[in-house]
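Please walk through the model shown below, taking its backbone, its helix packing and its aromatic rings in turn.

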Amino acid sequence: MQKPQRQVYMVSGGVSKFTKARPDITFQPMVKEAYDYALQDLGIPHKKFYELVDGSVASYFSDHFQRQLMSGIMVQDYLGLCPKPSHRVEGGGATGGLCFQEAWKSVASGHMDICVAYGFETMSHVQTWKGNEFIALASDVSFDYPVGGFYSGYYAMMVVRHMYEFGTTVEQMAKVSIKNHKNAFWNPYAQKRIPDLTVEDVRSSPMVAYPLTRLDICVMSDGAAVCILASDEGVKKLQKATRQSFKPVKITGIGRGTDAMRMSDRPHGEVILIPRERPSDYKKLKYPGVHSFRAGRTAGKMAYEMTGIQEPIEELDFIELHDAYTSSEIQTYEDLGLCKYGEGGPLAESGKVEVGGQCPVNPSGGLIACGHPVGATGLMQAVFAHWQLQGTIYKHFGNGKLQIKNAKRGLIHSHAGTGTYVTVTIMERV
Amino acid sequence: MPKKMTEKVKEIEEVKMEEVLDGTVVYNVPLPSDLKDLDKLAPIIIKFPYHTDYIHSYGQDSPFFAGLTNKRLLGTECPKCKYRYATPKGHCMYCGTKTKWFELPQVGKIHTWTTCYFGSEEFLPECPFNLILVEFEGVDTLFLSRLIGAVEKDIKIGMKVKAKFKRLSKFKPTDVYFVPA
């Protein structure tokens, strides 16, 4: 893949606090909360911004949750962005990550100088188990859904195989839950903030699908997030309009991968290698099977090549990844090459991924603690990464506990289905 | 509820009565006399039902379901690269060739498994149930099914299982299920 012709920056972002339900407002003003925050942080009123912005991309996963088609345009008009160009993207859990990259493409291609990426989900409009049913419709409705369609069940089967292949333990998974809930304690945007979970707490929480307990699994949420992306020209326009210089963040790597919808269709072949891995590392491993995510490895590899990263854990200062399950955080460590396949479990308990460690993973608390309003999630990761790289966590969180010191380069990872679409984006301090 | 639930988890889980959607029908709400107070009005939440009977065609995969009603498991094979799919695929994912039907063995091994204690609303009444991915000798891909006749502690990867078929077909993939062999 060729390098893009134009450098793209993220200039501002906002998040509407993720919560179990927002019956007080509909989805449009929820997005507006995040949008107004992003504009306010940039120091530009909507009317002035409207004169400069070229268009937008909308992100939401399910039309079922609200029984409303074309919700995207309802946000576009509510924000006062009509008649500027826009479109909606959808790709399951990775919808937010895809949206961010579509906005990036709009700017990188020269089609736009300033583009807004907005996303939301309102999952509270149905009860939890109905919501699980809607999510399970994102599996083959002829062959998978009718057998007992349930994403926690699918992920449970994947991690049972991961445990069998690599000896990963439920205690290692619990460590991920403990870490992410603890980080979220200092993140006012997070839905679940529990500073002192123990392995016993996680294991004694009700079993959902063996071996995943409630505290191994993210919750459903209402929430929204907004990112503003710009070219050099766009940054200049915004700086001129606001009469101030702000700190943009560079987007230096973009990667995407896919895999078959049905887990049963995944191949059992050879590992896709990244730098510093050899075929001899994986002599007996059938890959990806159902224990690993080929889409995640592909996305990571592509982004690393674009950025020039050889040793991810040493060259990244933090990662916000899609931990819908504690198990999928461990699987993703391996896909992203933070360690070799099979070493994700030990990495989870090593301290390297803690805030203050070598490469903190999910310093925000991740999906497990922040919540997962699907269309907003990938954009929320971008906003938190943006603030980390700007060094403005204190300003936005009201405390600096989660600020990664001297953060220069971060990675965000958005993941759909049982690993069907995965996006990886690398962002750097200017 | 599991036996060993810590106090803290009990607190986190907030033991509470289940919410149901058979609420009272209301035809009117009062308005405040001063319209300025409308900003303080609590949100009005209504029930919004949705039901659809889809006309779902199994299309090129239909023979698989015809197979189940005749107690036979059918997979597809690529005539060119010989890749064999346990869950039918009309065209080969690797070379693009149209596949041919072949009969799968009715015994296999558990590739991976789980026991679901919760599930999607449609399947809640069936909880707990076991999901398995079955591997068949000489077949390249897996098959998702239910395992009956075993509980969590008995199930192991590599365990031999055999197919059983419903006598009264529903033309669903659950017309076949597996039991320990």
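In this predicted model, B:Lys71 sits in the loop between helix H2 (62–69) and strand E1 (74–77) of chain B. The phi of B:Lys71 is near 55°, a positive value in a residue that is not glycine. Most residues other than glycine have a negative phi, and most peptide bonds are trans. With a relative accessible area of 43%, B:Lys71 is partly exposed, because that value falls between the limits of 20% for buried and 50% for exposed.

Chain A has a residue of this kind in A:Arg276, whose phi is positive at about 70° although A:Arg276 is not a glycine. A:Arg276 belongs to the loop between E9 and E10 of chain A. Its relative accessibility is 52%, so A:Arg276 counts as exposed.

In chain A, the bond from A:Tyr210 to A:Pro211 is cis, with omega near 5°. A:Pro211 is placed in the loop between strand E5 (207–209) and strand E6 (212–213) of chain A. In chain B, the bond from B:Cys127 to B:Pro128 is cis, with omega near -5°. The loop that holds B:Pro128 runs between strand E4 (107–116) and strand E5 (129–135) of chain B.

Two packed helices are described by the angle between their axes and the distance between the axes. Helix H7 (residues 151–166) of chain A packs against helix H13 (residues 326–335) of chain A at an angle of about 55°, and their axes are 10 Å apart. At that angle H7(A) is oblique to H13(A). The crossing of the two helices, H7(A) and H13(A), is left-handed. On the H7(A) side the contact is made by A:Tyr155, A:Met158, A:Val159, A:His162 and A:Phe166, which meet A:Ser327, A:Ser328, A:Ile330, A:Gln331 and A:Glu334 of H13(A). Sorted by class, the residues in the contact of H7(A) with H13(A) are five nonpolar, four polar and one charged.

H13(A) also packs against helix H8 (residues 170–184) of chain A; the axes of H8(A) and H13(A) come within 8 Å and cross at roughly 100°. H8(A) and H13(A) are therefore roughly perpendicular to each other. Here A:Gln172, A:Met173, A:Val176, A:Ser177, A:Lys179 and A:Asn180 of H8(A) meet A:Thr326, A:Ser327, A:Glu329, A:Ile330 and A:Tyr333 of H13(A). The contact of H8(A) with H13(A) has four nonpolar, five polar and two charged residues. Both A:Ser327 and A:Ile330 of H13(A) take part in the contact with H7(A) and in the contact with H8(A).

What lies in the loop between helix H6 (145–148) and H7 of chain A? A:Gly149 has its place there, and A:Gly149 is buried, with a relative accessible area of 0%. Apart from neighbours within four places in sequence, A:Gly149 is in contact with A:Ala136, A:Asp144 and A:Tyr154, and with B:Ser120 and B:Phe123 of chain B. A:Gly357 is 208 residues from A:Gly149 along the chain, and the C-alpha atoms of the two are separated by 38 Å.

The aromatic rings come last. A pair of aromatic rings is described by the distance of the centres and the angle of the planes. Over all chains, the count comes to 31 aromatic pairs. One of them joins A:Phe185 and A:Trp186, which are edge-to-face at 5.2 Å centre to centre, with 85° between the planes. A:Phe185 is partly exposed, with a relative accessible area of 32%, and A:Trp186 is partly exposed, also with 32%.

A:Tyr282 and A:Tyr341 form an edge-to-face pair as well, 5.8 Å centre to centre and with 65° between the planes. This pair links distant parts of the chain, 59 residues apart: A:Tyr282 is in the loop between strand E9 (268–269) and strand E10 (287–288) of chain A, and A:Tyr341 is in the loop between H13 and helix H14 (344–348) of chain A. A:Tyr282 counts as buried at 9% relative accessibility, and A:Tyr341 counts as buried at 6%.

Finally, one aromatic cluster includes residues of both chains: A:Phe143 together with B:Tyr58, B:Phe64, B:Phe65, B:Phe136, B:Phe143 and B:Phe178.

Conventions:
Residues numbered from 1 in each chain as written. Chains lettered and ligands numbered in written order. Predicted model: local features only at pLDDT ≥ 70, side-chain atom pairs only at ≥ 80, totals over all residues. Heavy atoms only, no water. Axes fitted to C-alpha atoms, helices over the stretch in contact; angles between N-to-C directions. Helix = DSSP H or I, 4+ residues; strand = E, 2+ residues; numbered from the N terminus. Parallel < 35°, antiparallel > 145°, perpendicular 65-115°, else oblique. Left-handed = near helix turned anticlockwise from the far one by under 90°. Contact = heavy atoms within 4.5 Å. Nonpolar A, V, L, I, M, F, W, Y, C, P; charged D, E, K, R; others polar. Phe/Tyr/Trp six-rings, centres within 6.5 Å; stacked < 30°, edge-to-face > 60°. Buried < 20%, exposed > 50% of the residue type's maximum accessible area, 1.4 Å probe, protein only.
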